[in-house]
Amino acid sequence: MPRLWIIRFVVLSCMIFPAVQAQEKSKAKIPNVTPGASTITSFDKDHTVVGWVEIIPFESKILHNTRMLRVLVPANYFSPHNAHRTYPVLYLQDGQNLFDDATSNAGEWHVDETAEHLVGSFKIPPMFVVGIDHAGTTRSSEYLPYPNDRSQQPSARDENEVRGKAYVEFLITEVMPFIEKKYRVSRGAANAGLGGSSYGGDISLDTVLEHPRIFGHVLIESPVLWIGNDQLIKDAAKAKQLPQKMYLGIGTNETTDQQPSAEIVKSAEELEKILRNKGPGPSRLNVVVAEGAQHNEAAWSRRLPEALLFLYGK
């Protein structure tokens, strides 16, 4: 048996066998099955998932659409020994691109492999990772809290079309209560994280600036900080409170044009200066400028171990 399949067998065994025992002994309950939900595991040859990912169709009354939630369940979650244990949760945007090459647009973040390695090495605690799918053609308008006048998409430039503020409401009042009801997740800002890349980083930053008492950890990759005439930077300057831990990653080759790339780095450095002036030292704020890194999943995947270690390291 190839080495990769041995690893996947061991990881999945930690998920499945305790679950079966739990059902037999009735000491730990597997979450109720949601209609239309499915599960992908390490044994699914058409996918690159490591571990146990539950895929749940989720309808929003706020955004008036349906998308998938992709939930990476911690190993041994179903074990009777963990029947009363709760786990922190990290919510990430662009769920299609987090765990599986089969559903990603241009490669995946390898969140499952990275989490499995760091948890297995006892470097971070076991946790849920909830990937929230983007809404396809309306991705930009949903992730933008302010218009981007440089975008080629009319909906992203139109102030009346951007729906970022509604997306934040969807996240906090619809997605989070659903996850907290369905799974044993720990409550409070110390146990809730949020993250995303590009426009997903924008909406994550906007959310934690407005709701620092809900999310204690934020992972922001390659944000587009010039939107709304630099409004996110202005919002950061006005913020009264910040999350307990913030990670910001950026590359020096975010675009194929050197001038915009330099501007992106400069904006990130300006944001860092504003945040530093509010008090967070190196233990609370980590800004990484990766030389030569581009605006893609490969770059975000490479920086992910460092980001998770900073945000959740023991």
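User: In which helix is serine 140 found?

Analyst: Serine 140 is found in helix 3, residues 139–143; helices are DSSP runs of H or I with at least four residues, numbered from the N terminus. This is a predicted model, in which local features need pLDDT of at least 70, side-chain atom pairs count only at pLDDT 80 or more, and totals for chains, interfaces and linings use all residues. Residues are numbered from 1 along each chain as its sequence is written, and side-chain values use heavy atoms, with hydrogens and water left out.

User: Why is serine 140 called buried?

Analyst: Buried means under 20% relative accessible area, exposed over 50%, and partly exposed in between, with a 1.4 Å probe and protein chains only. Serine 140 has 8%, so it counts as buried.

User: What is serine 140 in contact with, leaving aside its neighbours within four places in sequence?

Analyst: Serine 140 is in contact with Gln153, Ala156 and Tyr199, where contact means heavy atoms within 4.5 Å.

User: What makes helix 5 and helix 6 roughly perpendicular?

Analyst: The axes of helix 5 (residues 164–182) and helix 6 (residues 199–210) come within 10 Å and cross at roughly 70°. Axes are lines fitted to C-alpha atoms over the stretch in contact, with angles from 0 to 180 degrees between N-to-C directions. Angles of 65 to 115 degrees count as roughly perpendicular, under 35 as roughly parallel, over 145 as roughly antiparallel and the rest as oblique. Helix 5 and helix 6 are therefore roughly perpendicular.

User: Which residues of helix 7 are buried?

Analyst: In helix 7, residues 227–238, the buried ones are Ile227, Gln231, Leu232, Ile233, Asp235 and Ala236. They pack against helix 6 and helix 8 (258–276).

Conventions:
Helix = DSSP H or I, 4+ residues; strand = E, 2+ residues; numbered from the N terminus. Expected span 1.5 Å × (residues − 1).
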